[in-house]
Amino acid sequence: MNPISYNFSFIHGKWPHNRVRFWVESRLRIIDEKNNLIEDYYQCAACKSEDTFAKSNLFYTDNYDFTPVFGPKKGIIFRRKAYVNDNYKSCPDVSEMWMGQEYALKELDKAVLLNTAEDICKYTHKNIPLVGQTEIWNEESGIRAILEYPIKTMNINDEHAWYQADTGPVLFPDFNKEYSSFVDCISLAYVAFNVPSFADFVVEQPTKVSKNTACQYEIMHYSNPISLPSKNTVFAGY
């Protein structure tokens with residue numbers, strides 16, 4: 001999978017009343033080898049709920065984060081309020097999301113595969129954009145996925161040539177869930193890794209506000225870290 005240049009990749013809506021342009025922030029490729037199926041999903045940058053083109057009071061009073069995801073047939077809209085809301089995740093047909101989409105995706109020019117920790121440290125200091133790919137899989141189902149994202153934060157220890165990527169949100173598929181469509185297993189998460197062979201994730205989910213067991217109030221929050229075997233790859237390029 002050739003990496004995207006996340007500086008120059010966008011998705012446009014076709015609805016003439018609002019030909020919205022979204023900035024692409026991550027890509028998820030799900031590969032079902034048993035059924036010879038590949039599906040790509042694109043997560044776009046979050047915005048806030050708004051009364052578009054209103055003359056005043058542009059933001060809704062009961063405001064929420066709005067994150068769209070576009071797939072081949074189904075999409076996802078995450079609506080995150082200050083509390084756990086019933087319509088946090090919906091999965092409409094993509095044809096119903098701004099009357100369809102036009103994809104303006106640009107691959108990295110002269111992408112450089114960084115094979116060693118020393119290379120990753122070197123290119124981090126060159127101030128060249130970095131793109132990560134994390135491949136995870138489920139041996140029982142034979143389904144695997146490639147998560148791709150711009151690396152927004154890269155930690156470097158020059159003395160030992162150590163690195164640690166920490167970035168998000170990205171699209172995360174939970175292959176342990178039962179689902180009729182791939183959109184049903186997709187959540188938002190943050191990813192971190194410092195070696196090629198495993199990655200850690202914190203997934204957005206209902207999370208208690210207080211550690212007090214008597215507290216029942218929950219919000220949507222990135223919590224309960226998990227660690228998975230993975231294949232992590234880093235590219236540099238524009």
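The model is predicted: local features need pLDDT of at least 70, side-chain atom pairs count only at pLDDT 80 or more, and totals for chains, interfaces and linings use all residues. Residues are numbered from 1 along each chain as its sequence is written, and side-chain values use heavy atoms, with hydrogens and water left out.

Helices (H or I, at least four residues) and strands (E, at least two) are DSSP runs, numbered from the N terminus. Two strands pair if DSSP finds at least two bridges between them.

An open sheet is formed by 5 strands, in the order β12-β13-β14-β15-β16, with antiparallel pairing. Its edge strands, each pairing on one side only, are β12 (153–157) and β16 (218–229). From one strand to the next, the twist averages 25°. Angles run from 0 to 180 degrees between N-to-C directions, with axes being lines fitted to C-alpha atoms, for helices over the stretch in contact. Helix α1 (residues 117–125) packs on this sheet and touches β12 and β13; its direction makes about 115° with that of β12. Contact means heavy atoms within 4.5 Å.

Strand β17 (residues 231–236) has 5 of its 6 residues buried, where buried means under 20% relative accessible area, exposed over 50% and partly exposed in between (1.4 Å probe, protein chains only).

| Strand | Partner | Bridges | Facing residues |
|---|---|---|---|
| β13 (residues 162–173) | β14 (residues 186–193) | 7 bridges | Val170 and Ala189 |
| β9 (residues 112–114) | β17 | 3 bridges | Leu113 and Phe235 |
| β10 (residues 130–138) | β17 | 6 bridges | Gly132 and Val234 |
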